[in-house]
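Please read them with the structure open.

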Amino acid sequence: MKKVNNQLAVKTRTIEGSYLTAQVVEYGNLVWFRISANTKTTLNKGTEHKPFNISSSAPLFSVYRRITIDELKSFNFKIDQSGQVTIIPNVQIPEGTGINVSELYLKK
C-alpha cells in the first residue's frame, strides 16, 4: 500500500472567478472544493451565477445543497457532472459578503 500512496500526488489550484475565488485540491480521485472568500460583486436574487467550471475535477455525481450565510441569506449551490459550479441566491447578496462552501467528492 505504501508504494501506491507514494505514486499519488496532491494537486492544488486556485480559481479566480468573476464573483468568487475557489481552491481545488485533488488526491487521486478525491476532490476537495472550497470557497472561503468575500463576493467580488453583488449576487442577485434568483439569478443563476456561474463563477467557475472545474471540468478537470468534475464530480462523479452532481453535488447540490443549500448553503446558509445567516438567518436571512442563503443560496443553492451546485456542481454538475460537467464541472459547472452554479450559485442561485434566495435574496440579494451584497458585494463583500463572506461565502464559505466546502465539498469533498469523487471525481469522474
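1. Surface patches, as the word is used here, are made of residues with over 30% relative accessible area and no salt bridge, nonpolar side chains being joined within 5 Å. The model is a predicted one. On its surface, V10, Y27, L30, W32, L60, F61, L104 and L106 form a nonpolar patch, and their accessible area together is about 790 Å². At least two residues of the patch come from strand 3 (30-38), and at least two from strand 8.

2. Y27, one of the patch residues, belongs to strand 2 (residues 21-27). Its relative accessible area is 33%, so Y27 counts as partly exposed. Opposite Y27 stands V10, which is also listed in the patch.

3. Strand 1 (residues 10-16) and strand 2 run antiparallel and are joined by 7 bridges. The hairpin between strand 2 and strand 3 has 2 residues between the strands, and G28 in the turn shows a positive phi of about 65°.

4. Strand 5 and strand 6 are an antiparallel pair with 6 bridges. A hairpin of 5 residues connects them. Y64 faces K78 of strand 6 across this pairing.

5. Which residues of the largest nonpolar core touch the most other members? The core has 21 residues, and those with the most such contacts are F33, I35, F52, I54, F75, F77 and I79. Two or more residues of this core come from each of strand 2, strand 3, strand 5 (63-68), strand 6 (74-79), strand 7 and strand 8. I54 may be worth a look: beyond its neighbours within four places in sequence, I54 is in contact with R13, I15, V24, F33, I79, G83, V85 and Y105.

6. The structure has 5 salt bridges. One of them pairs K40 with E16, with 2.8 Å between the closest N and O atoms. K40 is partly exposed, at 33% relative accessibility, whereas E16 is exposed, at 56%.

7. Another salt bridge joins the side chains of K107 and E26, at 2.4 Å from N to O. K107 sits in the segment after strand 8 and E26 in strand 2, so that distant parts of the chain, 81 residues apart, are linked. Are K107 and E26 buried or exposed? Both are buried.

8. R65 and E103 also meet through their side chains in a salt bridge, at 2.4 Å from N to O. Because R65 is in strand 5 and E103 in strand 8, the pair ties together parts that lie 38 residues apart in sequence. R65 is partly exposed, with a relative accessible area of 40%. E103 has a relative accessible area of 7%, under the 20% cut-off, and is therefore buried.

9. E95 is in the loop between strand 7 (84-89) and strand 8 (98-106). With a relative accessible area of 55%, E95 is exposed. Apart from its neighbours within four places in sequence, E95 is in contact with T39, K40, T41 and T42. E95 and S62 are 33 residues apart along the chain, and their C-alpha atoms are separated by 28 Å.

How values were computed: Residues are numbered from 1 along each chain as its sequence is written. This is a predicted model: local features need pLDDT of at least 70, side-chain atom pairs count only at pLDDT 80 or more; totals for chains, interfaces and linings use all residues. Side-chain values use heavy atoms; hydrogens and water are left out. Helices (H or I, at least four residues) and strands (E, at least two) are DSSP runs, numbered from the N terminus. Buried means under 20% relative accessible area, exposed over 50%, partly exposed in between (1.4 Å probe, protein chains only). Contact means heavy atoms within 4.5 Å. Patches are made of residues with over 30% relative accessible area and no salt bridge: like charges are joined within 9 Å, nonpolar side chains (Val, Leu, Ile, Met, Phe, Trp, Tyr) within 5 Å. Accessible areas come from the Shrake-Rupley method with a 1.4 Å probe; for residues, only the protein chains shown count as cover. A salt bridge is a side-chain nitrogen of Lys or Arg within 4 Å of a carboxyl oxygen of Asp or Glu. Two strands pair if DSSP finds at least two bridges between them. A nonpolar core is a set of buried Ala, Val, Leu, Ile, Met, Phe, Trp, Tyr and Cys residues joined through side-chain atoms within 4.5 Å.
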